Every structure is written in C-alpha cells, then in structure tokens.
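Good morning, everyone, and thank you for making time for this. Please have a look at the structure first, and then I will walk you through two parts of it.

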Amino acid sequence: FKGDDTCEYLLSSGRFLGEKVWQPHSCMMHKYKNSEAKNCLVDKHIVFLGDSRIRQLFYSFIKIINPQVKEEGNKHGNIPFEDKSASVKVDFLWYPEVNGSMRQRIKSWTEGSVAKPHIIVAGAATWSIKIHNGSNEALTQYKINITSIAPLLEKLAKSSDVYWILQDPVYEDMLSESRKMITNEKIDAYNEAAVRILNSSSRNSKAKVKVFSVSKLIAQETIMKSSDGLHLPESSRDTNAMILMNVYCNKIMKPIDGSCCQPQPPLTLIQKLAFCFFTLSIVGYFVISLIHRNNYRKNKSCTDLEIGGEKKPTINTPNVSTLEMLLHCFCKLGLIMTYFYLCDRANLFMKENKFYTHSSFFIPIIYILVLGVFYTENTKETKVLNREQTDEWKGWMQLVILIYHISGASTFLPVYMHIRVLVAAYLFQTGYGHFSYFWIKGDFGVYRVCQVLFRLNFLVVVLCIVMDRPYQFYYFVPLVTVWFMIIYATLAMWPQIVQKKANGNCLWHFGLLLKLICLLACIYFLSYSQGAFEKVFSFWPLSKCFELNGNVYEWWFRWKLDRYVVFHGMLFAFIYLALQKHQMISEGKGDPLFSSRVSNVLLFISIVSFLTYSIWASSCKNKTECNELHPSVSVVQILAFILIRNIPGYVRSVYSSFFAWFGKISLELFICQYHIWLAADTKGILVLIPGYPMFNVIVSTFIFVCVAHEISQITNDLAQIVVPKDNSTLLKRLLLIAGFFSGLLLFSAVQEQSKA
C-alpha cells in the first residue's frame, strides 16, 4: 500500500492475463477509445523524443487518437501529427542518442520564450551501444550526458508530465550482425545508470521524472515474437501506449474501470451526514446496551436478596426495546457500510481487471451444480413452483450470474444470451409470485405494498447514499420495483377481480384477461415509443430515480430488454391457478403433473424447446440483433424449464437446500456483489489478498456471502419496525419517510450546485 498514488504500480509492475491482456499490479487499466482520448488530450501538445523504439511508441499512441494512421514518414527524422478536431498535436523528434543535441532541445523548453509540451516521452540508449560497439567509454559518456539532462527534465516536470522510457531487453538470437553488440547485459547497465541519475536532485520533491520501467516486463514476455529481435511486436507497443494514456488521462476522465492513477473521490455532504448517523447509531446502541445490562443486573441482585439468595434454574434475559433493536440494526449496518466504502471507494484494497477463459466460467459452474445436487431434500409441498422450488431456482440462477460476472463471461456471446434468460426468469417469478398473491389473497392494502417496497429498496437506498451512486445504477431493483407497482396497479384498479369473486361468475375471468390485454398493449406501445417512455420517466422527481449519466436511455434499454416476461409470468400464474382450481392437474407426491401420455408429450416438447433455444443462443453472432429477439423468445426456455422441473412427480417432490439457502438472499447477493466481491462498480475484481488469486476469491467470497446474509436479516428486522401493521402508525412512518426523501433531494441539489 503506497497511499492514493497507484501510478507507481502502473509504471513499474504487472503481469499478463493470457497472451495480450496486461494487468497492472493493484489497479485497473481502462481501454481508451479514440473519442475518449481526444476529450482527454484536447488542446494538448505531446512530444516523443528518442530513437526507433520511441518512434514505435509514438505511432501506437497516435493510433489511439486516430486508428487510421499509417506508419509512414522518414524513419530517421521528425514526424508531426495533428488532430484538428480536438486541437491535439503529437510530435516525434528523432534523437537516437543522449547527447548535446538532445540536451539543447530539452533546454529550449525550459526557457520562457518557447512553449512547453504538456507531455514529454523520452528515451534512448541502443544507438549509443551500437555506434560505439558496446564500449565502456560509451557507457561513461552516457552517464555524463544523462547527468547534464536530468536537472532540465526535473525542471520541466514541475509544469509538464515527463516520462523516461527505460530500454527494453532484446532477443539476442534474432539480432542482425550489425546489432550483435546490443546485449541485455549492456542494456541493464544503461538502465541502471538512468534510474540512479534521474530525480537524484529532487528525491523529496513531488515533481519528478516518471520512470517508465513497465515496458521492460512487457518486453520480457513478448520480445521473442519480435521481427528483428530489437523492436517490440505491435501488441506490446499498443499496451505501452495504453499505459501512457491511463497514466495521464485517468485523473482527468475518471473512468470507472480505470482505477490506476485516480485519487480517492472526496466525501460528499450526504456521505458525511450518513457517516455521522451511523457513528451516532453505534454509540447510541452501546450506551443503551450498557444501561439495560446494568439495570438488569441490579434487578436480578435485588430479586436474589428478596428470595434469600436462592438461585433459579432459568434466568430471563432482559427485554429488548424497539429503540435498542433499531440501533442494533443500524450499528451492524454502519460497520458493514464502512467495509463497502473501504472496498470500493477508498484506495485501500487493490482492484484488478477481469479476464475471461472458458475454464474460469464452466469449472465453477460444474462445481456448484455438483454441490447443489448433493444437498437434496424432500419438499414440504409438491405444488408447481412451491416455495422451496422457487428459492432453489433463484439460488442456482444467482450463483451462475455471480460466476458470470466475476469471470468476465459477458465477452462470450452464447453465455451472455443464456444469462439474459436467467435475468428474465427472475422477472418472470416477479410476475408469477405477485399475481398469485393478489389473485388468491385479494390483499391490496398499503401494508403489503410498503413491506414489498421496503424489502426491495432498503439496501439500494443506503448504498446510493454511502457509495454516492444513482438509484438507476443498481438497475435490477428499479426494474422489479416498477414491475411490482405495475402488477399492483393492474389488479388493484377498478374493477378489482380476485379468485374469490371470479369463482362466483366465470365472466370475471374474461374481465381479468381484458386487463392483461390492456397491459400488454401499453407495454407494446412504450417499447416502440422511446420518446413517450422518456417523457414519463423524465418528470421530476421520477427523473432523479431513473436517470443515469444525465438521461433515462439506460433505464429504457433495461426495461425494454425484458419487457414481456413479467406479463408472461402473470399469464402463466393465471392459467396454472385456473387449471389447479378445476383439478385438471395432479400435484400429489410422486404423481406426474398430467396423465402419462400428456406428460410424456409435454416433457419431450419442453426438452426440444429448451435445447432449441440454447442452440439458437449459441449461434448468435450479433448482440444487438439477439437482444431484439430476446424479449419475445426468452419465455420459451423459461416455460420449458418449469415443465421439465415439475411434470415428473419425483423431480417436483425434491429440491436442493444448498441452492434454496442462496435463493433466500439472492437479492442481497446481487446488490452486494457490486462493491465487495467485484470492484470499481462491477468492472473489476476486488483483491484482498494480492498474489494468490484462488485464495483471494475464497476469502472475499466468504466475507461477501456472510455480509449478504447479515444484510438480509437486518432488512427483515427493520421491515417489522419501519412498516407496522397498524394503519395510523404506518401513515406516520410514511410521512417520516417522505420527509427523509425530501431532505435527500434537497441535499442532492445543494451538492450539484456546489459542484457546478
């Protein structure tokens, strides 16, 4: 740990993930697009000063700005480049040796009459070794020359970014006869001299020449792929250029997945208030606990004296007041949120980029499936989609999604399309579960709505405050929240049609179907009318919830991606409950769902449909085209899975308690992964134990699962306190919550004004 500055790690250490992906030690590198590079370097002047290796780096750098650039021009001369759209100037100046000419050029920039470049990238040595046949006198002269240049570079470093590129090793077996004197031993001697002399007069100064030594590590792994043994292959040069771009641009552009060279973000006003609240909760809890324990001991001692010191076989524990329980929950939550902040906002723990391999995704999948099958138990009831079965379904899906995220499998399109079905299946369960509850119970009371909304949103609201992130950032919770409200509004609005009413008159079933058709029409209209959708969610204060990066496009995209699946869940629940009511299905233990012939036919169709979808998803070539079809076809695999899981009586009568346990905390797992399992808002991986990837995953996963489980318990406890059953008390709580969110909006407006 070297404080906030991770640039030193970026410039000096790292390793390859696979063949081409470079992973800096402790931090994440962002891959800059040309538009981002132009925004960062607007009105900047960059100079590359040196030999043919520096010229290669120059070309790789300008190709980030303009990928169409070709490597043309005089190899042993100056090469200018300018992008007029961004007013970016990048020059290569041919100075193959560290000598008087290079010194004169650098000195001219230190004088007031000449404009200084914003970035200077310099380096040279191999020409000196070659021209002087690797003599010791040449090394001595190099030391003298770099000693004369060092103070000038250090002076420039006060106003510009100055980088000295150390010499990369060579592949001696491939060198031509004219370059045989360039040995790795000589290169190491020149590099050692440069490192020792540069910054020697400014050891304690913040303005230093940045020594770019990481290229040596990159070259050691890739120089054998060189065409001549001296110059790096193109992929290695591109990596060096991207490192340079990260060193300079990350502090300006602040990319989420570029944690290298980014300072810790300052605490906002809301974060400071949250910190004070949790601190007071922790202090208050300990004070009240001490008072209660002292009172209990006094009462106990008095009772013992009254009965002559006779000891009772059982001892009653002190009663826990609502206030103490509330403070206890906030005390635990405060400690957990501190861990969240330290993991993903403070530069305390390391972060690394993801790197996908088939083995990193499929081996853990096989492992958890074996574990899940091992923990098989009988269900309490054998109905279709009973509670144990839905918990199991949510559990294994969540584990697969977690492995998908940590392995970076989104880059592999067939896996991405199958994961999209799992997300759709969650929403299908939302439609199925809430429709079934309202249809059977007929309970449209405020208490039920508040309970659901609190359990869904409590953790996300706290994270929005503590981690300074918008509500829409945790996209899945807004999605299920809005769909819950849509289901509630559809069924609660006049005329309220529930199962009890429909049993008396079959015409009510048609009334409900008419409601569902109207809902489908609204969904269809909004999905093909982006303007209307954006107008609905752009009204204040709704816009504060659904905007991301200043607009609601991301929210529209997320909603549109699974727009029909909740409706499919509601329709399936209606059909299933109707079949159940008319005793057209058999749900006894061990009995097939239908008659043997019908069950076999449906089972065959389901398996074929399931495999057909998987074949289609695996043959996807274009993510955009497949996403367009996904909303209409994802239900095929979902229904196929439900039928395969429920038609055979034995399969319906058992469940995996392992998966069901995770299913009960699936929402907390999905949200917590953003900050304490993954890192940089899911773009990278949290590293608690550097150097041991497997051990790090085991430790971070254990903590992550424990925290998610604890937060689930805290949410359940707080739901009982914050959302009481008594309507008058509930109304008062709702007014307090409205006041809280009004205050949050006010402080948010103050924050935005102070930033402006």
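Predicted model: local features only at pLDDT ≥ 70, side-chain atom pairs only at ≥ 80, totals over all residues.

Residues are numbered from 1 along each chain as its sequence is written, and side-chain values use heavy atoms, with hydrogens and water left out.

Let me start with the sheet, which is open and has six strands in the order E4-E5-E3-E6-E7-E8, with mixed pairing. Strands here are DSSP runs of type E with at least two residues, helices are runs of H or I with at least four, and both are numbered from the N terminus; two strands pair if DSSP finds at least two bridges between them. At the edges stand E4 (79-83) and E8 (210-212), and because each has a single partner strand, one side of each is left without a neighbour in the sheet. From one strand to the next, the twist averages 15 degrees.

Which strands does E6 run parallel to? E3 is joined to E6 by five bridges, in parallel, and Gly 50 has Gly 123 in E6 as its bridge partner. E6 is also joined to E7, again in parallel, by four bridges, and there Ile 120 has Val 162 in E7 as its partner.

Now to the surface, where Leu 269, Leu 273, Leu 746, Phe 747 and Val 750 form a nonpolar patch with about 400 Å² of accessible area together. Patch residues have over 30% relative accessible area and no salt bridge, and nonpolar side chains (Val, Leu, Ile, Met, Phe, Trp, Tyr) are joined within 5 Å, like charges within 9 Å. A salt bridge is a side-chain nitrogen of Lys or Arg within 4 Å of a carboxyl oxygen of Asp or Glu, and accessible areas come from the Shrake-Rupley method with a 1.4 Å probe, where for residues only the protein chains shown count as cover. Helix H29 gives the most to this patch, with three residues, and Val 750, which is found in H29, counts as partly exposed because its relative accessibility is 38%.

Definitions and conventions. Buried < 20%, exposed > 50% of the residue type's maximum accessible area, 1.4 Å probe, protein only. Axes fitted to C-alpha atoms, helices over the stretch in contact; angles between N-to-C directions.
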